[in-house]
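Please examine the sequence and the structure shown below.

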Amino acid sequence: MRKMLSLRHWQRTFARIFQLLRSKNVSLLDKLIFTIPVFLYWVLPDVLPLPFLPIDDIAVTMLLAEWFARRMETKYNMKL
């Protein structure tokens, strides 16, 4: 839990995300699996099936970023 509250952890996580999104090794479909849900949650949060969800846009982005980074690093055997 302490790691999840660390700013240094999130700085590295978002640096990994940008590297993964720019990487030619990661397929376009995998990149879209991350970017489309994040973009839709930022643009249309009230239209989603769970209206008035008490989770902030940044929190959803951070959770998806952590999941995406771990999944892509495992799937493509990359350690950034």
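How many residues has α1, and how far does α1 reach from its first C-alpha to its last? The helix α1 has 16 residues and reaches 23 Å, close to the 22 Å expected at 1.5 Å a residue; the expected span is 1.5 Å times one less than the number of residues. Helices here are DSSP runs (H or I, at least four residues), numbered from the N terminus. This is a predicted model, in which local features need pLDDT of at least 70 and side-chain atom pairs count only at pLDDT 80 or more, while totals for chains, interfaces and linings use all residues. Residues are numbered from 1 along each chain as its sequence is written, and side-chain values use heavy atoms, with hydrogens and water left out.

In α1, the residues His9, Trp10, Thr13, Arg16, Ile17 and Leu20 are buried, that is, under 20% relative accessible area with a 1.4 Å probe, protein chains only. Seen down the axis of α1, these buried residues fall within an arc of 120°, so they line one face of the helix; the arc is that of the directions from the helix axis to the C-beta atoms. They pack against α2 and α3, where contact means heavy atoms within 4.5 Å. On the other side of α1, Leu7, Arg8, Gln11, Phe18 and Arg22 are exposed (over 50%).

The largest nonpolar core has 10 residues, among them Ile17, Leu20 and Met72. Such a core is a set of buried Ala, Val, Leu, Ile, Met, Phe, Trp, Tyr and Cys residues joined through side-chain atoms within 4.5 Å. The largest share of this core, four residues, comes from α3.

Definitions and conventions
Helix = DSSP H or I, 4+ residues; strand = E, 2+ residues; numbered from the N terminus.
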